[in-house]
Amino acid sequence: MPPAAAEHPHTLRKGFDLRSATALAFADVSPIVALYAIFTLGLLAAGPAFWWAFPIVLGGQLLVACVFGELASRWPYEGSVYQWARHVRGPGAGWFAAWAYMWGLTIALSTLSYGAAGFLLQAAGVDAPGRAATMGTALAILALGSLANIVGRRTLKILVVASLVCEVLASVGLGTVLLLFYREHSFGFLLDGAGTAGSGGWLAGPMLAAAAFVGWSFVGFESAGAIAEEVEHPEREVPKALIFALLAVGIIVMYSAAGLILAIPDLPKVMGGGVADPVSDTLVYHFGSSIGRPLLVMFVIGFLASFLAVQAAVSRVIWASARDKALPGSGVLRRLAGPERLPVPAILLTAVGAAVFVLLSGSKLYSVLVNFTTVGFYVAFGLPVWGAAIQHLRGRWRPGSFSLGRFSGPVTYVAAVWLALQTVNIVWPRDTGDAWYIEWSMVITLTAVGAAGAALYLGWSRHRITAAYGETLRDT
């Protein structure tokens, strides 16, 4: 392959090193969002034993992170999954990876801003805030967060590192206090299925359902690859940032989750639906109502940090796709602005898209769309990993600076199988008692977004990106 500078000149300024790239990826995953967003769902699905879904999913995702590390080292270009899929399977695969990623993360921005708004209003003393107040606050958070991403990398790094410190101290500190002083159960409690083991068939079984929910917890680490061209020595540093961030978040989440589960005072009441929020109920039981406001502030910090990192990642994927003339409006979306040469039009596009989804919040359509966030990640992850597996099978794989050596092929194959199985597990419609379109929402949104993407690709993008890809190869 030609050198990186020949194929993609570094038109973005360097502004991140190993520490800041790792911090960005860490904030994108966010221990607080990773745990508290799915804790109740996992607990109700499989009882306290749902904790074991964390190491299972983390193990699978670490394999993916290792493959991503090899891909990022070989092709250290802006855009993560878009670039990796594009280089291992061609421009079409890259386009669809970017399409799934852009949709999934833009919807995630709306849910993060909406979630942060609810916690912020409650922390400010607004009891039972209405939909209009929450929506207005979410839009304000969306605007301010986008402004922080536009101002410059220094502002982004300061905000991300500050929130990272708060998250680590809060998550590790709370887990430690609960385990040392407020543990209600022995460690064997983590094997208790709470009567869920016999419910449902194999694919709808308790642990598989828990693994599907936990699938949300360990995504976002690829954001270190989304800013590759802004990182010093990306072929060496980005792979480390990907793996370090995921491993750190995974350990913290499992530690905090164990502390919370073992401190639950009344499990039968929780499993019977008598507790709306087991996290807050457990903390209030042990610490009193005074824990409420600090807990809410902690949630706000976690959601805001994740918002900033997610927007930075998705805007870079949009910019990288536009640079290759792969999107409508590429002439505008590939522009860089300001003294730090940032992809401001791409950032603004993510803000507008997320604002539309915030305005849909509370509607039935919104619930269906939100469910696409997780599967959007996994489809975008799968395309480059499956492409890398095919290259290994055909004997065409050539490593970069970061390599797994003789384990590269086996790790890639297992990662490819893991992503395929987990994607099916997440999409699989389960009997939850909700309306049919909620139970089938993963299938519905994946089909709808995929069909819309195929129509756009065949009708507008295919010839343009193929021509641009050919021009790149001729130039090199």
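Which elements each supply at least two residues of the lining of the largest cavity? They are α2 (18–29), α3 (31–36), α7 and α15 (292–323). Helices here are DSSP runs (H or I, at least four residues), and strands are DSSP runs too (E, at least two), numbered from the N terminus.

First, some ground rules. This is a predicted model, where local features need pLDDT of at least 70, side-chain atom pairs count only at pLDDT 80 or more, and totals for chains, interfaces and linings use all residues. Residues are numbered from 1 along each chain as its sequence is written, and side-chain values use heavy atoms, with hydrogens and water left out.

Now the cavities. A cavity is a set of points on a 1 Å grid over the protein atoms alone, where a 1.4 Å probe fits but cannot get out. A pocket is an open set with protein on both sides within 12 Å along at least five of seven lines. Lining residues have an atom within 4 Å of a point. Grid points are joined across faces, edges and corners, and a volume is the space filled by probe spheres set on the points.

The structure holds 3 cavities of 30 Å³ or more. Nonpolar covers Ala, Val, Leu, Ile, Met, Phe, Trp, Tyr, Cys and Pro; charged covers Asp, Glu, Lys and Arg; the others, Gly among them, are polar.

Next, follow α7 to its partner. Two packed helices are described by the angle between their axes and the distance between the axes. Axes are lines fitted to C-alpha atoms, for helices over the stretch in contact, and angles run from 0 to 180 degrees between N-to-C directions. The axes of α7 (residues 91–123) and α17 (residues 344–359) come within 8 Å and cross at roughly 60 degrees. The two helices are therefore oblique to each other. Under 35 degrees counts as roughly parallel, over 145 as roughly antiparallel, 65 to 115 as roughly perpendicular, and the rest as oblique. The crossing of α7 and α17 is right-handed. That word applies if the near helix is turned clockwise from the far one by less than a right angle; anticlockwise is left-handed.

Contact means heavy atoms within 4.5 Å. Among the contact residues are W103 and Y114 in α7, and G353 and F357 in α17. The contact residues of this pair divide into 7 nonpolar, 5 polar and no charged.

The second largest pocket holds about 300 Å³ of space. Of its 13 lining residues, the closest to its centre are W99, M102, W103, T106 and L349. Here α7 and α17 are the elements that give two or more residues to the lining. That lining has 10 nonpolar, 3 polar and no charged residues.

Back to α15. Its axis and that of α9 (residues 153–181) come within 9 Å and cross at roughly 140 degrees. So α9 and α15 are oblique to each other. Their crossing is left-handed. The contact includes R153 and E167 of α9, and R316 of α15. By class, it has 10 nonpolar, 2 polar and 3 charged residues.
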